[in-house]
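This report walks through a two-chain model, one region at a time. Keep the structure open while you read.

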Amino acid sequence: MKKRLFMAVLAMMVVATGCGGGKKGSSDAGGATDTSTTVAGTPQPVRGGTLVVAIGSDPGSLNPAVTSSGVVHPASEMMFNGLVGWGPDGKIAPELATKWSIEDNGATYRFTLRDGVKWHDGQPFTSDDVKFTFEKALLPFHSRTKASMGSAGLTLDAPDPLTIVFHFPQPYAPLLQQLNVTEAPIIPKHVYESCADISTVAGCPANKTPIGTGPFKLDSYSINEIRMSRNPDYFRAGEPYLDGLVERVIPDPETQVLALENKEVDWLGSVPGPDIARITKNSALDTAPAPRGSGGGNCIMTAIFNMKPPAGRTPFFTDLRVRQAVWAAVNRQQAFQNVLFGQGKVADAPIHSGIVFAHATGLSLPTFDPARAATLLDSAGWKQESKGATRVARGVPNVPDGTEFKIDWHGFSGDQTTYGEQLRAQLKDVGIDVTVKTEDNATLATNVFTKRDFDLSAASYCNGDDPEIGVRRQYDSKQIGSTAFSNGAGYSNPQVDTLLDQGAREADPAKRAPIYRQIQEIAVHDLPYIWLAETVSLRAFNANCSGFNQENTGLFAEAAFCKK
Amino acid sequence: MTWRYVVRRLLQVLPAVASILVVTFAIVHAAPGDPVVAVAGENGDKAYYDFMRAKFGLDRPLPAQFLTYSTDVLRGDLGVSYVQGERVSTLIAERVPATLLLMGTALVASTLGGIVLGALAARRPFGPFDLTVSTVALIGYALPVFWMAQLAMLTIAFRTGWFPIQGMTTARATYAGLAHWADVGRHLALPALVLAASEIALVTRIARTGILTEMRQDYVRVAESKGLSASGALVHHALRNALLPIVTVVGSRIGFLFSGAVLVETVFGWPGLGRLVLSAAQTRDHPVLLGMVLLVAFSLVLSNLLTDLLYARVDPRIRYR
């Protein structure tokens, strides 16, 4: 279990923030969908039409099993299936597997596969395909699957064509959350087994002409768009309702919004903050909060204190009083309003409220209190020698006297940089001088997580659907400096390490809850991070279209339809 | 003869391209950010990073990596994109037509438009038309192209609905034949216009100045005294001689035009090389970045050569040996 390093999960997650707003179609998990039983007021499905979806980049490859790329996945998932998916109610629903049993206290999972499912080329789908997909594609190349199930020692067994068994050397709790089309899309063995290098298009031309079991089949793929048409043999009889689906590449987020308003596209996965007010007012468009952006589910916008700076860097945040002072100087509510325009909510615990069993309620996080911040900084040796001046060190351990409290903030462009600007203004009031640095993904990952060459950094920590998926990495002392977007604070507390291991070994959520509560209480005492806000991204779509399953992100249009 | 000149010029280019390659290789590898982290997104563990690093050959010493890369390039192999897994040559080839269409349209429009506007302005120097053209040209030249692109999109495309906002074709429909090209034309108009704007401004200024200078030459006065109208003298005599500086400027602007295309393509979602370069830079996709640098270096060299050869066409006094 030691090596289980769960990274952010791009998965579809159980949502706490709710799925109101958007209209939901039914996509009954069991099989044939009877849409006439949907909630009163929901429009009747209509067959036909084409849905145009905006995506951000040319994916290059359309094989989601050999990468966790946030570009390849949205472009290709609609042509594939997972063993399970997410129902519109946010619960795990059958997909390629119809039922399953959990044995050996969670160390063995036995799945019965759906009978009669056909690949887009007419070949039958069997357990051999599942075994092949995991062994040759997901475990070697899908970064999250490799880091989670791979490290946990997964082996597979296909005793008959419609049974697949997952074996782990010890209980493995989060498996069912990791078998949807985003985390574990199933690809056909007969198409991919002859590939010289399954992970690239150059070594596997089939990656550009995918064959799946999904609701849509590939018509054509050009650098500008991916055109798909209805899979008439889809295992959910009657679905999909749309005749066609076009994924259109539009790199600029602002242009995506304009294209939606101009009716050139019908669906947008995420609306930039400044456009939200305008989009929600537009009666030709509908919106629905999505629990996740492109980086994963149940995300918390977080400020990271560097508690373990490299040699030669001033250790501003090793003293708890300084971290408490920054907490007291930051008005999280105001920053939230100014940056996120009210989308989501101010975080009230280290673990996202979307992981219902693990989220602790009633914690007392430090409140906004600039006077207390000043007192704490004074007591830590950071003195403000004249009004409005930047504080300087006077007797701070390991800091030369006279060092100014000048720190940097690292963040991506967009919300993270805007948050940096808010914090710069707020911290200036207590005599801390912040420089905001905007960096791209690769640069920030190196500066903050590998070199630890920063003072404060933004990060959107996506907790995923289980603390093991996206919470452990943030607090586990073994995850300092090893990988990107892990324990950025450099936080190390042996008690927390022990508790995290306990929580991972325990399968029963009721028994895990007190363990995670204790972890959060310790984290709130130690304050390695500022949990700024639980973020949601807002989806926007043509109001003529409905029937989207907002939970099952990868197959959101499986049962969608548009009024003529 | 001219051919010997062309071959010699091309040979001279090789050391230049080689040093560009070395410098770019060094810069790309010195830039902060790890392609493996970019490929893994916000996920993966150390085992995954190590595995991918070995797969891409990034675990080897830099000189060894360079040696492998340059040998491959000499064999005509630009490698495989880290992110897209596709051959770099294929990625580039797929996108060249769209960019050529955009740049070509902008180049032709700006050159012809600039010459016509410049000639019209030169007819009555400091007249109302000249002053208007000069002012507008100055503004057009001063505006950053990405800003103008967004402005054009917001005002012209979005408000009037005359032009689509993004892409090269209509997503909802599949046209064929003439209807397809009409559709492409409608999508092309705005990005090409924006890209051409600053070039039009430049060419207009140069053409106006060139023509005015030539119009004061004795041979023009002779032509006029022989009874040729002012416009006739301008079109038949002055314009041809004024072309030389225009050819120089247009030829030397190909590089700028390309950098403008990167921005315009991004704003308008035009599926060309510009978008490829941008995403490759963001994801530290070294093979794609290096391949693009090589391509741009070669095209610049070629366009300079073409410019020189055009000189000889425009001005018969120029001979290359």
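## Chain B

A residue counts as buried if 20 or more other C-beta atoms lie within 10 Å of its own. By that cut-off, 38% of the 321 residues of chain B are buried. The model is predicted.

Chain B holds 13 helices and 0 strands. Its C-alpha trace spans about 85 × 55 × 40 Å along the principal axes. Take the contacts in chain B between residues at least 6 apart in sequence: 71% of them join residues at least 24 apart.

## Where the chains meet

On chain A, 49 residues are in contact with 40 residues of chain B. Five elements of chain A are listed as giving two or more residues to this side: β1 (50-55), α3 (143-150), β10 (244-249), α5 (253-261) and α11 (441-450). The largest share, 6 residues, comes from α11(A).

## β10 and its partners in chain A

β10(A) is one of the elements that touch chain B. It is also largely enclosed by the rest of the structure, because 5 of its 6 residues are buried.

β10(A) pairs with two strands described here. With β1(A) it runs parallel, joined by 6 bridges. There, A:Ala54 stands opposite A:Arg248 of β10(A). With strand β9 (residues 225-230) of chain A, the pairing is antiparallel, over 5 bridges. In that pair, A:Arg227 has A:Val246 of β10(A) as its bridge partner.

## The four-stranded sheet of chain A

An open sheet of 4 strands in chain A has the order β4-β5-β7-β6, with antiparallel pairing. Its edge strands are β4 (97-103) and β6 (155-160) of chain A, each pairing on one side only. Direction ignored, neighbouring strands are turned by 20 degrees against each other on average.

β4(A) and strand β5 (residues 108-113) of chain A run antiparallel, joined by 6 bridges. A:Ser101 has A:Arg110 in β5(A) as its bridge partner. Helix α2 (residues 127-141) of chain A lies across β5, β6 and β7 (163-167) of chain A. This helix runs at about 170 degrees to β6(A).

## The six-stranded sheet of chain A

A second open sheet in this account has 6 strands of chain A, in the order β16-β22-β15-β21-β19-β20. Its pairing is mixed. The edges are β16 (345-346) and β20 (433-438) of chain A, and each pairs on one side only.

β16(A) pairs with strand β22 (residues 529-534) of chain A in the antiparallel sense, over 2 bridges. A:Val346 has A:Ala533 in β22(A) as its bridge partner. Helix α8 (residues 332-340) of chain A packs on the sheet and touches β16 and β22 of chain A. The direction of α8(A) makes about 50 degrees with that of β22(A).

## Helix α10 of chain A

How far apart are the end C-alpha atoms of helix α10 (residues 415-428) of chain A? They are 20 Å apart. At 1.5 Å a residue, its 14 residues should span 20 Å, so the two values agree.

The buried residues of α10(A) are A:Asp415, A:Gln416, A:Tyr419, A:Gly420, A:Gln422, A:Leu423, A:Gln426 and A:Leu427. These residues lie on the same side of α10(A), because they cover an arc of only 165 degrees around the axis. An α-helix has 3.6 residues a turn, so residues three or four places apart point the same way.

How values were computed: Residues numbered from 1 in each chain as written. Chains lettered and ligands numbered in written order. Predicted model: local features only at pLDDT ≥ 70, side-chain atom pairs only at ≥ 80, totals over all residues. Contact = placed C-beta atoms within 7 Å. Pairing = 2+ DSSP bridges. Axes fitted to C-alpha atoms, helices over the stretch in contact; angles between N-to-C directions. Expected span 1.5 Å × (residues − 1). Buried ≥ 20, exposed ≤ 12 C-beta atoms within 10 Å, placed from the backbone. Arc of directions from axis to C-beta.
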